[in-house]
Structures are given as structure tokens and as C-alpha cells.
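Work through the exercises below with the model open beside you. Try each task before reading its solution.

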Amino acid sequence: MIQITKTTIWYPRYVANTILDIDKATLARQGITHIAFDLDKTLLARGARRISPSYVRHIQSLRQAGFTILIGSNARREIRPVVQALDVAVVLPKGLSMKPFGSFYKRLIAAAGTTPDHIVMVGDHIINDAIGGNRAGCTTILVRGLRQKTSLAYRLYMRIILGRVTSVT
């Protein structure tokens, strides 16, 4: 997990290759108690219905370390197998209340039952997960995730933010 020094809504606080690179100790030191994961291309390949066993084990280790786990996703498809595998609370879109809008993040924060400064939003999407989470007051981790292809804009953005690295944990 790489920390980014730039602290505006345009930059995530951290960048990681996958959720497996999330550092529990770093998050705990920052007072994070809740981890909200995006679904598609963060926990699952797009359209997949089952989560990888290594991801399930890692999420269980995060829970055993004291973190409360949630899913905050714009998915509008059946995700019950993932929810059952992880045994987590889920916040999904409701009408126009979806990521990156504040109304979605207010529902996510309410579901967590804590304040935004205790929540980290983990996702692969720059606008929906990083910028949306930052605007809501959450810490953010942008994962490169399970993307099969990346756009030129995404690659340029990653190059820019990785130029703002302060430490590797």
C-alpha cells in the first residue's frame, strides 16, 4: 500500500495493487474502524458472482483484526452469493442515490454507524470511489484491482498520483 502526499479530493490517500495489499496496521494507526469495499473490479471481476477464496480469507483477517466490513457498490445485479460468503452489510444504489453522490455516502456512513473519519472506502474507480469517498470525509484507497484493461486516462492518472508518493508500507 502506497501513501499519497497530495491531500485534495482529487487524490486517494493510498494506492494498492489489490485488496490483499491493504495494510491493517496503517489503517488502525489512523483510527480506521470500518472498511467499505466496492464490488466490481475491486472484489470481483466484472460480472462474476463468486469471490476468490484468497479475498475471503483476507477480508476475514481484516475482520479478526477488529475492522467492520461493508460493501458499498453501484451494482444493480444479484450479489447475494458474495454477501453470504462475506457476511457483511451492503449499501446499494437507491434511485439516484449512487456513488459518487453525497446521498450514497450518507447512507454508507449511516450503515457503518460511525463517522466518516473512521471509514476507508476501497475501490477501483477514481470518481466513484476515490473522489466520492474523499468528498464524504472518508479515507480512500484506490486499488488497481481486477481490471482486464485500463484506459489511457486511467494510466495517466495513476502515473500522476504515484508521483505524489510519500511512503510504501
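Predicted model: local features only at pLDDT ≥ 70, side-chain atom pairs only at ≥ 80, totals over all residues.

**Exercise 1. Which residues does I141 touch, leaving out those up to four places away in sequence?**

Step 1. Set the rule: a contact means heavy atoms within 4.5 Å.
Step 2. List the partners. I141 touches M1, Y14, A16, I22, L27, V120, M121, V122 and G123.
Step 3. Residues are numbered from 1 along each chain as its sequence is written, and side-chain values use heavy atoms, with hydrogens and water left out.

**Exercise 2. Write down the fold order and the overall totals of the protein.**

Step 1. Assign elements. Helices (H or I, at least four residues) and strands (E, at least two) are DSSP runs, numbered from the N terminus.
Step 2. Count them: six helices and eight strands.
Step 3. Read the order from the N terminus: β-β-α-β-α-β-α-β-α-β-α-β-α-β.
Step 4. Of the 169 residues, 45% count as buried.
Step 5. Check contact range. Among contacts with a separation of 6 or more, 62% are between residues 24 or more positions apart.
Step 6. Take the surface, using the Shrake-Rupley method with a 1.4 Å probe, where only the protein chains shown count as cover for residues. The accessible surface is about 8200 Å², and 55% of this belongs to carbon and sulfur atoms.

**Exercise 3. Which residues are linked in a network of salt bridges?**

Step 1. A salt bridge is a side-chain nitrogen of Lys or Arg within 4 Å of a carboxyl oxygen of Asp or Glu. Side chains of opposite charge can pair when their charged atoms come close.
Step 2. Search the whole structure: four salt bridges turn up.
Step 3. Start at K99. Its salt bridge with D38 has the closest N and O atoms 2.8 Å apart. K99 lies in the loop between β5 (89-91) and α4 (102-112), D38 in the loop between β3 (34-37) and α2 (53-64), 61 residues apart.
Step 4. The side chains of D129 and K99 meet at 2.6 Å, N to O. D129 sits in helix α5 (residues 126-135), 30 residues from K99.
Step 5. Join them: D38, K99 and D129 form the network.
Step 6. Check burial. K99 is buried at 3% relative accessible area, D38 at 6% and D129 at 1%.

**Exercise 4. Describe the salt bridge between D40 and R77.**

Step 1. Give the distance: 2.4 Å, N to O.
Step 2. Locate the ends. D40 is in the loop between β3 and α2, and R77 is in the loop between β4 (68-72) and α3 (80-86), 37 residues apart.
Step 3. D40 is buried at 11% relative accessibility; R77 is partly exposed at 27%.

**Exercise 5. Characterise α2.**

Step 1. Compute the expected span: 1.5 Å times one less than the number of residues.
Step 2. Compare. α2 has twelve residues and reaches 16 Å from its first C-alpha to its last, close to the 16 Å expected.
Step 3. Pick the buried residues: Y55, V56, H58, I59, S61 and L62.
Step 4. Recall the geometry. An α-helix has 3.6 residues a turn, so residues three or four places apart point the same way.
Step 5. Name the packing partners. The buried residues of α2 pack against α1 (24-29), β3, β4 and α3.
Step 6. Go just past the helix: G66 takes a positive phi of about 105°.

Technical notes: Buried < 20%, exposed > 50% of the residue type's maximum accessible area, 1.4 Å probe, protein only.
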